[in-house]
Amino acid sequence: MGSAAGSEPLLRLRGVGKVYEGEQPVVGLEDVDLDIFPGDFLAVMGPSGSGKSTLMNLLGCLDQPDAGSYLLDGEEVGQLGDDQLAGIRNQRIGFIFQTFNLLARTTALANCELPMLYGGVLPGERRERARKALAKVGLADRMDHHPNELSGGQQQRVAIARALVNEPAIILADEPTGNLDSKSGIEIMGILQSLNREAGITVLIVTHDPFIARHTQRVIRLQDGRIVVDEAVAHPLRAGETERPSEVSLEEEART
Ligand code: ADP
Ligand code: MG
């Protein structure tokens, strides 16, 4: 893991809480402590409603905690203004969603250029970086296709390329394989693994799938807004090298 002695956490949560106000206030997260080191690759698991998306949204500066401290690279996120938060989201963090969130009427290439529109990157450079990112995810020959001309797995690869164009330190992916068949899901894990290994990008994914989680290095499990498990994956799998076990053994694993 990236938690080598002496290295500072890239993300550090201390006593973090989030309550959704309403007629009946709902606890999203409660008293969460978490250190994530540069180069970590984590899976966030837990039942529906346990706080996984809330955690990802806080880590991604899409939302702010109501309690506790969140240091991103040593900087207290709670004290930053909206513009600074937007800057962090755009420059340091790449987001990937279950439903890809691509613009439908726009080519793969143009989708990948979008995050650079706000960063003052010149048009020629934008195109070049978008092309490179698409080539990196194996879509060099699909750049001019629209999302509806691509498979789910290919659309998710476009979304990964779009997340890469500003060279983020962190990729946050909320159920990136949730809408994909098993084979495409493993292909996505292969891409995330190589970004983690080769580019040193810190990766967090939310998943319900224990087999997907075994392709990461560390699993945290949430329950009722709290972290109840935080453990290293004993023998992380390399994408494509191991057959998915039968449903029965997966269920057994989920219970343990
Ligand atoms: P998960 O992603 O694990 O399914 P969430 O983080 O989405 O869980 O939700 C955690 C808890 O917070 C749930 O009880 C959920 O109903 C509640 N919650 C999430 N988002 C909101 C919101 N915008 N308004 C009110 N309650 C919310
Ligand atoms: Mg969720």
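This is a short talk on the fold, the ligand shell and a few single residues of one predicted protein model.

First, the conventions. The model is predicted, so local features need pLDDT of at least 70 and side-chain atom pairs count only at pLDDT 80 or more, while totals for chains, interfaces and linings use all residues. Residues are numbered from 1 along each chain as its sequence is written, and chains are lettered from A and ligands numbered from 1 in the order in which they are written.

Let me start with the whole chain. The protein chain has eight helices and 10 strands; helices (H or I, at least four residues) and strands (E, at least two) are DSSP runs, numbered from the N terminus. Its radius of gyration is 18 Å, close to the 18 Å from the globule rule for 256 residues, so the chain is as compact as a globular protein of that length. That radius is taken over C-alpha atoms, and the rule is 2.2 Å times the number of residues to the power 0.38. The C-alpha trace spans about 50 × 45 × 45 Å along its principal axes.

Of the 256 residues, 40% count as buried. Buried here is 20 or more other C-beta atoms within 10 Å of the residue's own, exposed is 12 or fewer, and partly exposed is in between, with C-beta atoms placed from the backbone. Among contacts between residues at least 6 apart in sequence, 70% join residues at least 24 apart; a contact is two C-beta atoms, placed from the backbone, within 7 Å.

Next, the sheet. An open sheet of six strands runs in the order S6-S7-S8-S3-S9-S10, with mixed pairing. Strand S6 (93–97) and strand S10 (226–232) are at the edges with a single partner strand each, so one side of each has no neighbour in the sheet. From one strand to the next the twist averages 15 degrees. Two strands pair if DSSP finds at least two bridges between them. Inside the sheet, strand S7 (residues 170–174) and strand S8 (residues 202–206) pair in the parallel sense over five bridges, and Asp-174 stands opposite Val-206 in S8.

Which helices lie across these strands? Helix H5 (residues 152–164) lies across S6 and S7, at about 165 degrees to S6. Helix H6 (residues 182–198) lies across strand S3 (41–45), S7 and S8, at about 155 degrees to S8. Axes are lines fitted to C-alpha atoms, for helices over the stretch in contact, and angles run from 0 to 180 degrees between N-to-C directions.

There is also pairing that involves S1, S4 and S5. Strand S1 (residues 11–20) pairs with strand S4 (residues 67–72) in the antiparallel sense over five bridges, and the bridge partner of Arg-14 in S4 is Ser-69. S4 in turn pairs with strand S5 (residues 75–76), again antiparallel, over two bridges. S4 and S5 form a hairpin with two residues between them, and Asp-73 in the turn has a positive phi of about 55 degrees.

Is H1 itself enclosed or open? Six of the eight residues of H1 (residues 52–59) are buried, so the helix is largely enclosed by the rest of the structure. Those buried residues are Lys-52, Thr-54, Leu-55, Met-56, Leu-58 and Leu-59. After H1 comes Cys-61, with a positive phi near 60 degrees.

Last, two loop residues and one helix residue. Glu-167 sits in the loop between H5 and S7, has phi near 50 degrees, and is exposed, with 12 other C-beta atoms within 10 Å. Glu-175 is in the loop between S7 and H6 and also has phi near 50 degrees, but counts as buried, with 21 C-beta neighbours inside 10 Å. Lys-183, in helix H6, counts as exposed with 10 such neighbours.
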